[in-house]
Amino acid sequence: MAADIIGPWVADIHLLTVLAETRSFTQAARRLGLSKASVSMRIVALERAAGVPLVQRTTRSVVLTDAGRELVADAAPAFERIDAGFTAVKDLSGTPRGTVRVTAPVALGRQHISPRLAAFFRGYPDVRIHLDLTDRFVNLAQEGYDLAIRHTAAAPESYVAWPLCETRSLLVASPAYLRRRGTPRHPRDLADHDCVLYLGPGADTWTFVPAGNAQADTLSVPVQGPLKANNSEVLRDAVLDGLGIGLLPDFSAAPAMRRLRPVLPDWRVQGFFGNQLYALRPWAPRVPRAVQCFVEYLRESMAPGFPLPD
């Protein structure tokens with residue numbers, strides 16, 4: 001009898017657990033492939049069936065009531081077990097299949113992930129990739145992603161992290177800029193130069209250590225210039241156009257290095273773009289085979305890193 005009463009509402013209870021994770025009708029709708037209006041109507045219907053409010057709606061976010069939190073606390077573990085069990089059953093087919101939702105930085109995705117997809121699909125024709133390119137921080141659990149590809153100095157402890165390859169930051173300028181403004185000999189010389197800067201916290205200060213001596217005292221230098229942007233391809237093109245000296249990740253700089261010149265090669269910039277590329281995933285007791293296959297493909301194909309031309 002209980003199953004007969006609950007059965008029609010199972011999908012909507014699952015929707016409530018997703019809403020609890022995302023704290024947003026819009027994000028919950030996107031994750032489940034529904035319209036925002038449909039999500040709202042189904043929650044209202046679930047509240048009517050339960051006889052109590054489950055959600056407090058505000059202009060900024062969605063907050064569950066005490067009753068909503070109690071229902072989610074009881075239901076979420078069951079849905080997690082169902083998801084794990086269904087994933088395990090799908091993997092018994094022997095052929096990796098399913099959708100892998102991936103987020104990656106725009107420049108990295110355009111230059112180094114997108115060109116690798118055709119070969120991956122030839123090997124795994126039953127896998128689908130949803131690739132979202134964005135430079136903003138993405139909460140994987142809340143927004144329903146399976147993987148994030150990120151360059152960082154240290155992977156978050158709460159995530160499963162697969163190292164893909166090493167990466168580094170390069171300080172570069174165009175020959176035309178250096179002829180016009182001169183070549184810096186010391187990091188402090190950058191105060192007299194135009195720099196193109198990444199748009200983000202700490203972008204107005206570059207921290208240097210002597211190359212080959214990461215334990216040496218650091219030297220922090222304030223920098224400024226005509227352009228800030230949150231995309232390394234934009235910064236690279238600005239450097240190529242002679243707007244200033246740029247700090248670029250090697251995966252963006254490498255294709256243009258025949259037309260650029262290293263600046264301050266005896267120094268290294270620390271703590272900016274990160275020195276390792278990772279595939280990151282929220283911890284789960286089981287990783288779907290489609291996700292595993294995509295990660296292993298990236299690890300193998302990206303293992304050489306981003307070598308610079310001779």
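Is Leu170 buried or exposed? In this predicted model, Leu170 has a relative accessible area of 9%, and because anything under 20% counts as buried, Leu170 is buried. You will find Leu170 in strand β7, which spans residues 169-173. To see what surrounds this side chain, look at its contacts beyond four places in sequence: Leu170 touches Gly246, Leu247, Leu248, Asp250, Ala253, Met257 and Leu308.

Let's move on to the aromatic residues. The structure holds 5 aromatic pairs. In one of them, the ring centres of Phe120 and Phe294 are 5.0 Å apart and the planes meet at 75 degrees; since an angle over 60 degrees counts as edge-to-face, that is how this pair is classed. Phe120 belongs to helix α7 (residues 117-123) and Phe294 to helix α12 (residues 289-302), so the pair links distant parts of the chain, 174 residues apart. Both partners are hidden from solvent by the accessibility criterion: Phe120 counts as buried at 1% relative accessibility, and Phe294 is buried with a relative accessible area of 1%.

Phe120 has a further partner in Tyr297. Their rings sit 5.4 Å centre to centre with 55 degrees between the planes, which makes this pair tilted. Here too helix α7 meets helix α12: Phe120 lies in the former and Tyr297 in the latter, so the pair ties together parts that are 177 residues apart in sequence. Tyr297 is buried, as is Phe120. If you now step back from the individual pairs, ring pairs link Phe120, Phe121, Tyr124, Phe294 and Tyr297 into a cluster.

Two packed helices are described by the angle between their axes and the distance between the axes. Helix α3 (residues 25-32) packs against helix α4 (residues 36-50) at an angle of about 105 degrees, and their axes are 8 Å apart. Because angles of 65 to 115 degrees count as roughly perpendicular, α3 is roughly perpendicular to α4. Which residues of α3 and α4 make the contact? From α3 come Phe25, Thr26 and Ala29, while α4 supplies Lys36, Val39, Ser40 and Ile43. Sorted by class, this contact has 4 nonpolar, 2 polar and 1 charged residues.

Key: Residues numbered from 1 in each chain as written. Predicted model: local features only at pLDDT ≥ 70, side-chain atom pairs only at ≥ 80, totals over all residues. Heavy atoms only, no water. Axes fitted to C-alpha atoms, helices over the stretch in contact; angles between N-to-C directions. Helix = DSSP H or I, 4+ residues; strand = E, 2+ residues; numbered from the N terminus. Parallel < 35°, antiparallel > 145°, perpendicular 65-115°, else oblique. Contact = heavy atoms within 4.5 Å. Nonpolar A, V, L, I, M, F, W, Y, C, P; charged D, E, K, R; others polar. Buried < 20%, exposed > 50% of the residue type's maximum accessible area, 1.4 Å probe, protein only. Phe/Tyr/Trp six-rings, centres within 6.5 Å; stacked < 30°, edge-to-face > 60°.
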